[in-house]
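Here is a short report on one protein chain. Please read it beside the sequence and the 3D view.

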Amino acid sequence: MKRPSRPVARQSVDWLAAHEQHMKWLALALGLGSTVAIVQNWHPWPMILGLPFCLIWIFCAWLHGERQLKYINMLFSALYLYGLTRWILFG
């Protein structure tokens, strides 16, 4: 008899919990890269690097139930998506 598998949401939470520290180090690298791109005026790289940075922090905040951090990063992610879409459509 086949054992029922865990729901996908629970598997995602478990994966995030297991890899949280690695994700935070990746976010640090993305944040540094985004900052260098801003200083060097390498448009649109600050947005390209900033979007995954924010997504990582959304997931980390979601993992620990930190609503304010999650919503702030959701706002920044929406702004990055708007900026990237505008850049793709209008150059």
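Serine 34 touches Pro46, Leu49 and Gly50, leaving out residues up to four places away in sequence. Contact here means heavy atoms within 4.5 Å. Serine 34 sits in helix α1. With a relative accessible area of 8%, serine 34 is buried. Buried means under 20% relative accessible area, exposed means over 50%, and partly exposed lies in between (1.4 Å probe, protein chains only).

**Model and confidence**

This is a predicted model, in which local features need pLDDT of at least 70, side-chain atom pairs count only at pLDDT 80 or more, and totals for chains, interfaces and linings use all residues. Residues are numbered from 1 along each chain as its sequence is written, and side-chain values use heavy atoms, with hydrogens and water left out.

The pLDDT is the predictor's confidence in each residue, from 0 to 100. Its mean over the protein chain is 90, and 93% of the residues reach 70 or more. Among the elements, helix α3 (residues 67-90) has the highest mean, 94. Helix α1 (residues 8-40) has the lowest, 90. Where pLDDT is low, the predicted coordinates should not be read in detail.

**Overall build**

The protein chain has three helices and zero strands. From the N terminus on, the order is α-α-α. Helices (H or I, at least four residues) and strands (E, at least two) are DSSP runs, numbered from the N terminus.

The C-alpha trace spans about 60 × 25 × 25 Å along its principal axes. The radius of gyration is 16 Å, while a compact globule of 91 residues would have one near 12 Å. That radius is taken over C-alpha atoms, and the globule rule is 2.2 Å times the number of residues to the power 0.38.

Of the 91 residues, 27% count as buried. The protein chain exposes about 7000 Å², and carbon and sulfur atoms supply 68% of that area. Accessible areas come from the Shrake-Rupley method with a 1.4 Å probe; for residues, only the protein chains shown count as cover. Among contacts with a separation of 6 or more, 53% link residues 24 or more positions apart.

**The core**

Which residues make up the largest nonpolar core? They are Leu16, Met23, Ala27, Leu30, Leu49, Ile56 and Cys60, seven residues in all. Helices α1 and α2 each supply at least two residues of this core. Helix α1 gives the most, with four. A nonpolar core is a set of buried Ala, Val, Leu, Ile, Met, Phe, Trp, Tyr and Cys residues joined through side-chain atoms within 4.5 Å.

Methionine 23 touches Trp15, Leu16 and Ile56, not counting residues up to four places away in sequence. Valine 13 is also placed in helix α1. Leaving aside neighbours within four places in sequence, valine 13 contacts Trp62 and Leu63.

**Cysteines**

How many disulfides does the structure hold? It holds zero. Cysteine 54 is in no disulfide; the nearest cysteine sulfur, that of cysteine 60, is 12 Å away. Cysteine 60 is likewise in no disulfide, with the sulfur of cysteine 54 as its nearest, 12 Å away. A disulfide is counted as a pair of cysteine sulfur atoms within 2.5 Å. Cysteine 54 counts as buried because its relative accessibility is 3%. Cysteine 60 counts as buried because its value is 6%.

**Sequence distance and spatial distance**

The table pairs sequence separation with C-alpha to C-alpha distance.

| Pair | Separation in sequence | C-alpha to C-alpha distance |
|---|---|---|
| Isoleucine 48 and tyrosine 80 | 32 residues | 7.8 Å |
| Valine 13 and asparagine 41 | 28 residues | 37 Å |
| Histidine 19 and lysine 70 | 51 residues | 18 Å |

Isoleucine 48 lies in helix α2 (residues 45-64). At 30% relative accessibility, isoleucine 48 counts as partly exposed. Histidine 19 belongs to helix α1. Histidine 19 is partly exposed too, at 28%.

**The loop between α1 and α2**

Asparagine 41 is in the loop between α1 and α2. Is asparagine 41 buried or exposed? Asparagine 41 is exposed, because its relative accessible area is 64%. Its phi is near 60°, a positive value in a residue other than glycine.

Proline 44 is found in the loop between α1 and α2 as well. A cis peptide bond joins histidine 43 to proline 44, with omega about 5°.
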